[in-house]
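Could you walk me through this structure, stop by stop? I have the viewer open and would like to know what to select next.

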Amino acid sequence: MCFVRDRRTAELAQVRSVSEAAQSALLRPLPDRLGPLHIASSYLAAEKEACIGGDPYAVARTGDRTRVIVGDVRGKGLDAIGEAATLLGSFQEAAHHHATLPALAEARSVCRYFTGFPKTDGEAQEHFITALLLEIPDHSPVSRVVHCGHPPPFRIRRGRVTAVTSPSPAPPLGMYGLRPGTYDVHTFSFQAGDTLLLYTDGVVEARDSSRAFYPLEERVAQWTKNSPKTLVQRVEKDLLARAGGALGDDAAILAIQRTPVPHTRLHVSPLAHGADLHDQPTD
């Protein structure tokens, strides 16, 4: 019995080691600081003993701006890793070569990749990813976002929490052919001292013992003065406590706080970012 137990323990340790290595390769640790931004993140996998799943996120530094993506692959856990890796690979390459967020969203269309995924049990499977694409210039309080079927981020400003919604969100990546047109950009104000909280469905769809959904906006309103790292830690701890220690879906949480740019006056520089001369926040 001791031999069997030791062997199983060794196998479990090896599986965990491989999983952690895969997590590091797929979800590279985000920098604590990027330009004027402070960043913190957390990943909670739904599958037992798994460290990764289908809720990818990444940042890319391009000139004097930062681009962010957070996504949610259909499905969860290890089965979704391949599609998550596809999304991140496409983003990391395209973020440096496209002037606007719509062009970035359309680059290396995810649909092309999804046609290569195998069938399961002889039947074609739906492959799509909800995503949020965000662009934050260093020297302008006007930020941009493209919603692709993903829940809106929350902005924390002077103790108040508001959702950054879009009047015309696009379908998830991989389903865009269902609706003609282009990806619409929503502009919003993101000033020094503001914090953005990005998340995936696994957070707001987590249920407590009474089957009630996790009230993220209500809970975040209690922690508006926290740093990004502390805010993410509080949400993670509170979420797991309410869900009884286990989630039904993968969950990703990102907090991004803007700090003042030293010796630089904030101004809108639309031509540098492919924007209209009259580009202003619409919230």
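Predicted model: local features only at pLDDT ≥ 70, side-chain atom pairs only at ≥ 80, totals over all residues.

Residues are numbered from 1 along each chain as its sequence is written, and side-chain values use heavy atoms, with hydrogens and water left out.

**Stop 1: the largest cavity**

A search of the whole structure turns up two cavities of 30 Å³ or more. Here a cavity is a set of points, on a 1 Å grid over the protein atoms alone, where a 1.4 Å probe fits but cannot get out; lining residues have an atom within 4 Å of a point. Grid points are joined across faces, edges and corners, and a volume is the space filled by probe spheres set on the points.

The largest cavity holds about 90 Å³ of space. Select Leu 87, Ser 90, Phe 91, Leu 104 and Ala 105: of the 10 residues in its lining, these are the closest to its centre. Now colour helix H2 (81-94) and helix H3 (101-106), which each supply at least two lining residues. H2 gives the most, with three. Helices are DSSP runs of H or I with at least four residues, strands are runs of E with at least two, and both are numbered from the N terminus.

The lining has nine nonpolar residues, one polar and no charged. In this count Ala, Val, Leu, Ile, Met, Phe, Trp, Tyr, Cys and Pro are nonpolar, Asp, Glu, Lys and Arg are charged, and the others, Gly among them, are polar.

**Stop 2: Pro 102**

Stay on helix H3 and select Pro 102. Pro 102 is buried, with a relative accessible area of 15%; buried means under 20% with a 1.4 Å probe, protein chains only. Thr 182 is 80 residues from Pro 102 in sequence, yet their C-alpha atoms are 7.0 Å apart.

**Stop 3: the second largest cavity**

This cavity has a volume of about 30 Å³. Its lining includes Arg 207, Asp 208, Tyr 214 and Arg 242. Five lining residues are nonpolar, none polar and three charged.

**Stop 4: Asp 138**

Finish in the loop between strand S5 (129-137) and strand S6 (142-148), where Asp 138 is found. Is Asp 138 buried or exposed? Asp 138 is buried, at 7% relative accessible area. Show Arg 61 too: its side chain makes a polar contact with the side chain of Asp 138 at 2.4 Å. Such a contact is a pair of N or O atoms within 3.5 Å; within protein, one must be able to donate a hydrogen and the other to accept it, and residues adjacent in sequence count only if both atoms are side-chain atoms.

Key: 1 Å grid on protein atoms, 1.4 Å probe; cavity = no way out; pocket = protein on both sides within 12 Å on 5 of 7 lines; lining within 4 Å. Buried < 20%, exposed > 50% of the residue type's maximum accessible area, 1.4 Å probe, protein only.
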